[in-house]
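Let's walk through a protein model together, one feature at a time. Have the picture open while we talk.

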Amino acid sequence: MAEEVSQATRRLPRAERREQIITAAIRAFAAAGFAATNLDDIAAEAGVSRAILYRHFDSKTDLYQAVLDSACGRLIAAVGADEFTEASIPGLLRAAADDPDGFRLLFHHAAREPEFRQSMDQFRVDMTTVAHKHLAGSIPNPEWAAWAAQLVPTVAIAAVTAWLDAGQPDPDRAADRIIEAVNGVIAAAQRA
């Protein structure tokens with residue numbers, strides 16, 4: 001009689017096992033935060049031993065950075081790295097819906113972790129730079145363009161987070177509503 005072997009306990013290719021651990025770590029870190037989560041929690045969530053974790057990651061810090069890199073990579077793939085387009089907000093919404101824990105880790109938890117604050121601050125600077133590149137041509141006053149460039153990503157992220165917290169209402173029209181909020185910021189800056 002053959003027994004089914006779960007994905008957690010059977011031998012997986014290295015890349016697949018690493019992704020499994022990252023996915024489990026996202027859930028564990030989202031539930032308890034970086035400081036309160038230990039490697040045993042993550043190993044249990046992934047269904048692997050602590051030794052398996054150490055085959056893939058040198059430390060909890062190394063694993064958390066891999067989690068953030070993974071979440072950033074998925075977000076950039078969904079939204080785009082260098083341009084703010086009509087597809088950016090729907091992409092942001094899809095990325096958040098597909099991985100709400102990763103989205104929250106990236107935008108809310110990681111910024112509060114002293115070890116990761118600098119990289120998260122740089123991520124926000126990069127978002128502001130992309131927004132400014134997009135907005136500078138449509139907002140003639142440079143100070144108001146800079147204001148809008150800082151506020152547009154903040155409004156979009158807060159709106160998506162609120163949408164997640166509200167239970168993801170009306171997913172077919174949510175992007176349009178978030179775009180309206182962003183356009184309100186842009187319109188206010190253009191009036192200056």
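Q: Which residues of H8 are buried?
A: A residue is buried when its relative accessible area is under 20%, exposed when over 50%, and partly exposed in between, using a 1.4 Å probe and protein chains only. In H8, the buried ones are Ala 145, Ala 148, Ala 149, Val 152, Pro 153, Ala 156, Ile 157, Val 160, Thr 161, Trp 163 and Leu 164. A word on the source: this is a predicted model, where local features need pLDDT of at least 70 and side-chain atom pairs count only at pLDDT 80 or more, while totals for chains, interfaces and linings use all residues. Residues are numbered from 1 along each chain as its sequence is written, and side-chain values use heavy atoms, leaving out hydrogens and water.

Q: What covers the buried residues of H8?
A: Helices are DSSP runs of H or I with at least four residues, strands are runs of E with at least two, and both are numbered from the N terminus. The cover over H8's buried residues includes helices H5 (88–98), H6 (100–109), H7 (117–135) and H9 (171–190).

Q: How do I read the span of H8?
A: You compare it with an expected span, which is 1.5 Å times one less than the number of residues. H8 runs over residues 142–165, 24 residues in total, and reaches 35 Å from its first C-alpha to its last, close to the 34 Å expected.

Q: What happens at the start of H8, and what follows H8?
A: For the start, think of polar contacts: a pair of N or O atoms within 3.5 Å, where within protein one must be able to donate a hydrogen and the other to accept it, and residues adjacent in sequence count only if both atoms are side-chain atoms. Here a side-chain oxygen of Asn 141 comes to within 2.9 Å of the backbone nitrogen of Glu 143. After H8 you'll find Gly 167, with a positive phi near 90°.

Q: What is Leu 135 in contact with?
A: Contact means heavy atoms within 4.5 Å. Leaving aside neighbours within four places in sequence, Leu 135 is in contact with Ala 148, Ala 149, Val 152 and Ile 186. Leu 135 sits in helix H7, and with 2% relative accessibility it counts as buried.

Q: How many aromatic pairs does the structure hold?
A: Rings of Phe, Tyr and Trp (its six-membered ring) pair if their centres lie within 6.5 Å; planes under 30 degrees apart are stacked, over 60 edge-to-face, and the rest tilted. This structure holds 8 such pairs. Phe 29 and Phe 34 make a tilted one, 6.0 Å centre to centre with 35° between the planes. The rings of Phe 107 and Phe 123 have centres 5.9 Å apart and planes at 35°, so that pair is tilted. This pair links distant parts of the chain, with Phe 107 in helix H6 and Phe 123 in helix H7, 16 residues apart. Both Phe 107 and Phe 123 are buried.

Q: Which rings are linked into a cluster?
A: Ring pairs join Phe 29, Phe 34, Tyr 64 and Phe 116. Phe 29 is buried at 0% relative accessibility, and Phe 34 is buried at 7%.

Q: What lies over the face of Phe 34?
A: A charge sits over a ring if NZ of Lys or CZ of Arg is within 6 Å of the ring centre and within 35 degrees of the ring normal. Over Phe 34 that residue is Lys 60, at 4.4 Å from the ring centre.

Q: Which residues touch the most other members of the largest nonpolar core?
A: A nonpolar core is a set of buried Ala, Val, Leu, Ile, Met, Phe, Trp, Tyr and Cys residues joined through side-chain atoms within 4.5 Å. The largest one has 59 residues, and Phe 29, Ile 42, Leu 63 and Leu 106 touch the most other members.
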